[in-house]
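Q: Could you walk me through this model, starting with how much of the chain is covered?

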Amino acid sequence: MSKSWIRAKLPEFVRDMFRTFCMACKSLEEQFAAFDREGAVTFTTLRDLVGQEMDKGLLWRMKDTAHHVFRNDPETSLTGQFLDWGLGYIFHETIKLKEDAYQTLTYAPWFLALRGRDLPEAERVVVEELFQVLKQTEESMRREIDRIRFIMSQCRRLLPIYLARHRENALLARYLFSQNALVREVFGSDYELLVQSVYGDHPERMYILAAQSLRLGGWVAEASQAVQSAFAINATDRLVLQEKKILDNWAARMAP
């Protein structure tokens, strides 16, 4: 991909970077919660999240998209560089977690079975020593999960700062509106900070941009929902009233 093409498509890449981050956080946290409860993660889920060169998974796409965004944006700040590193770190650390999960899934049952057998003394000693290595692998998984969780939390702190430069990105606003439940789940108590950081004292701006993008894409009903959300926040704003009038006229023309 040429740098000029990437820069021309930067709004899409920024939206895609944020989208994959939210999806990755949800999927990874589900795995981490399972580890907290049961001491295990699902190897196949981690394998699919990482993917491979010819079939890249969600985390691989997140890393690549972050590189496209932060290494081709002429105004990338230190915040952007931190995010580029952080999103890549999540990918690489999950690879290690995946490999450790494979070792545990594949060999833990075997070693447990061997420990229950009546083995010659020399073999029994070897089994016990190797089993300790497997236990260390489980400890490594906890450390890897803690590191990934920490980096995800730092990315949640940094993204609002970076995205403030993209407050006019209609595709980003449309994602924030259309996938609001997921974004709220991922950012939790920091969701309001995210919106305030990006849209300042005009949170209705997110809904207006989303409505415009949805309307231009032919999603008129969804655009009307976005406008109603904007109207509920600021019923006197000129842009809110302007978009509402456009959609009301569309609705009137389409009425039987």
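A: Buried residues account for 43% of the 256 residues in the protein, where buried means under 20% relative accessible area, exposed over 50% and partly exposed in between, with a 1.4 Å probe and protein chains only. This is a predicted model, in which local features need pLDDT of at least 70, side-chain atom pairs count only at pLDDT 80 or more, and totals for chains, interfaces and linings use all residues. Residues are numbered from 1 along each chain as its sequence is written, and side-chain values use heavy atoms, with hydrogens and water left out.

Q: And how many helices and strands are there in the protein?

A: The protein has 12 helices and two strands, which are DSSP runs numbered from the N terminus (helices: H or I, at least four residues; strands: E, at least two). From the N terminus on, the order is α-α-α-β-β-α-α-α-α-α-α-α-α-α. The radius of gyration is 24 Å, well over the 18 Å that the globule rule gives for 256 residues, so the protein is more spread out than a compact globule; the radius is taken over C-alpha atoms, and the rule is 2.2 Å times the number of residues to the power 0.38.

Q: What does the C-alpha trace span along the principal axes?

A: The C-alpha trace spans about 85 × 40 × 35 Å along those axes.

Q: Switching to helix 4, which of its residues are buried?

A: In helix 4, which covers residues 58-70, 10 of the 13 residues are buried, among them W60, K63, D64 and F70. Helix 4 reaches 18 Å from its first C-alpha to its last, close to the 18 Å expected at 1.5 Å a residue, where the expected span is 1.5 Å times one less than the number of residues.

Q: How far apart are the end C-alpha atoms of helix 10?

A: They are 19 Å apart, which agrees with the 18 Å that the 13 residues of helix 10 (residues 204-216) should span at 1.5 Å a residue. Helix 10 is mostly covered, with 10 of its 13 residues buried, including E204, Y207 and R215. Just after helix 10, G218 takes a positive phi of about 90 degrees.

Q: Is L46 buried or exposed?

A: L46, which lies in helix 3 (residues 43-50), counts as buried because its relative accessibility is 0%. Leaving aside neighbours within four places in sequence, L46 is in contact (heavy atoms within 4.5 Å) with L28, Q31, V41, T94, L97, K98 and A101.

Q: How far apart are L46 and L28 in sequence and in space?

A: L46 and L28 are 18 residues apart in sequence and 8.2 Å apart in space, C-alpha to C-alpha.
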